[in-house]
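Here are some notes for you to read with the model open beside you. Please take the points in order and look up each residue as it is named.

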Amino acid sequence: SRSLEKEADLSGLSILRERQIDPAGFSGLFARLKTASPTGEMPEMLASHPDINERIRYVREAAGSYTVKQDSILQSIFVLLKNPAAVGQ
């Protein structure tokens with residue numbers, strides 16, 4: 001249900017906050033999904049997921065501001081995810 005999806009989104013955001021990870025990528029993911037989705041979006045009342053614009057709004061609102069720390073291990077994993085061809089170089 002949409003309420004469970006929202007709860008999952010906010011739980012994920014809470015995990016990012018606890019680990020002091022920048023939440024910008026979380027709302028960025030929804031923005032990418034919006035860009036990649038077909039133009040004829042289903043009305044929210046018929047969908048099992050919340051409207052993507054609503055998800056972006058409430059994630060950004062809930063994220064607010066908090067201390068973010070740079071984690072070199074996570075950064076190296078992120079680089080590898082962006083460029084899998086770099087593995088083993």
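Which helices each supply at least two residues of the lining of the largest pocket?

1. In this predicted model, the helices that each supply at least two residues of that lining are helix 2, covering residues 24–36, and helix 4, covering residues 72–82. Helix 4 gives the most to the lining, with five residues.

2. The largest pocket itself has a volume of about 560 Å³, and it is lined by 18 residues, among which Leu16, Ile21, Asp22, Leu74 and Phe78 lie nearest its centre. When the lining is sorted by residue type, it divides into 10 nonpolar, four polar and four charged residues.

3. Helix 1 runs over residues 2–18, which makes 17 residues, and it reaches 24 Å from its first C-alpha to its last, close to the 24 Å expected at 1.5 Å a residue. Just after this helix, Gln20 takes a positive phi of about 60°.

4. Which residues of helix 1 are buried? They are Asp9, Leu13 and Leu16, and, seen down the axis of helix 1, the buried residues fall within an arc of 55°, so they line one face of the helix. On the face turned away from that buried side, the exposed residues Ser3, Leu4 and Glu18 are found.

5. As for what the buried residues of helix 1 pack against, their partners are helix 2 and helix 3, the latter covering residues 52–63.

Conventions. Residues are numbered from 1 along each chain as its sequence is written. This is a predicted model: local features need pLDDT of at least 70, side-chain atom pairs count only at pLDDT 80 or more; totals for chains, interfaces and linings use all residues. Side-chain values use heavy atoms; hydrogens and water are left out. On a 1 Å grid over the protein atoms alone, a cavity is a set of points where a 1.4 Å probe fits but cannot get out, and a pocket is an open set with protein on both sides within 12 Å along at least five of seven lines; lining residues have an atom within 4 Å of a point. Grid points are joined across faces, edges and corners, and a volume is the space filled by probe spheres set on the points. Helices (H or I, at least four residues) and strands (E, at least two) are DSSP runs, numbered from the N terminus. Ala, Val, Leu, Ile, Met, Phe, Trp, Tyr, Cys and Pro count as nonpolar, Asp, Glu, Lys and Arg as charged, and the others, Gly among them, as polar. The expected span of a helix is 1.5 Å times one less than its number of residues. Buried means under 20% relative accessible area, exposed over 50%, partly exposed in between (1.4 Å probe, protein chains only). The arc is that of the directions from the helix axis to the C-beta atoms. Contact means heavy atoms within 4.5 Å.
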